[in-house]
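Okay, everyone, thanks for coming. I'd like to walk you through one protein today, so let me put it up on the screen.

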Amino acid sequence: MSKTIASLKTVILAGAFVMAGGLTAANAAECPADKVGVDVMAQSDAPASGVTDDVLASLDLAKEPIAVAGRLFRSRRLVVQPGGVVPWHDHADRPALIYVVSGGITEYRSTCAVPLEHKEGEVAVENQMVKHWWKNNTDKPVVLISNDLFPVGMKDGDMM
């Protein structure tokens, strides 16, 4: 088996494990109960900067036994340099799980009045309620693996 296929299988299995709740101890930071609200964090207009976003693999779910038309199960690697920004976007139509491979990154969510700090080994859950942006406030690059259900036909430039 090639190294690429073995790596892809590892990422898919890790994503399935997380979706099944297998990493609850490593879930990313939660918003404190007294800081939760609707649109309590201001939207940022900071553009993408210092970010590389590479699609590692994708599966057309319409061609799989699950037969979900119009969706790709996609895996990406994002590297955010110190000071880098993943711009404001939402997940209304694109749920995702973000695994922090290395480093740490700050998330600014519309539903939390305080920033959330994500550390190496954690998983951030991005569901339909999430509108947010991320910034690397550290002095080291952060590496993220994003697994999402990408709508076929959506432009990659529509989000990070």
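Let's start with the surface. The protein exposes about 8800 Å², and 58% of that comes from carbon and sulfur atoms. Keep in mind that this is a predicted model. There are 160 residues, and 38% of them count as buried.

Now the fold. If you take the contacts between residues at least 6 apart in sequence, 75% of them join residues at least 24 apart.

Cys 31 sits in the loop between helix H1 (3-19) and strand S1 (49-60), and Cys 112 in the loop between strand S4 (104-109) and S5, so the pair ties together parts that are 81 residues apart in sequence. Both of these cysteines, Cys 31 and Cys 112, are buried.

Last stop, Glu 122. You'll find Glu 122 in the loop between strand S5 (116-119) and strand S6 (123-126). Here's a charged side chain that's buried but has no salt bridge. What is the nearest side chain of opposite charge? That's Lys 119, 5.2 Å away, while the cut-off for a salt bridge is 4 Å. Look at the backbone of Lys 119 instead: its nitrogen lies 2.8 Å from a polar atom of the Glu 122 side chain.

That's my tour, thanks.

Note on methods: Residues are numbered from 1 along each chain as its sequence is written. This is a predicted model: local features need pLDDT of at least 70, side-chain atom pairs count only at pLDDT 80 or more; totals for chains, interfaces and linings use all residues. Side-chain values use heavy atoms; hydrogens and water are left out. Helices (H or I, at least four residues) and strands (E, at least two) are DSSP runs, numbered from the N terminus. Buried means under 20% relative accessible area, exposed over 50%, partly exposed in between (1.4 Å probe, protein chains only). Lys and Arg count as positive and Asp and Glu as negative; His and the chain ends are not counted. A polar contact is a pair of N or O atoms within 3.5 Å; within protein, one must be able to donate a hydrogen and the other to accept it, and residues adjacent in sequence count only if both atoms are side-chain atoms. Contact means heavy atoms within 4.5 Å. Accessible areas come from the Shrake-Rupley method with a 1.4 Å probe; for residues, only the protein chains shown count as cover.
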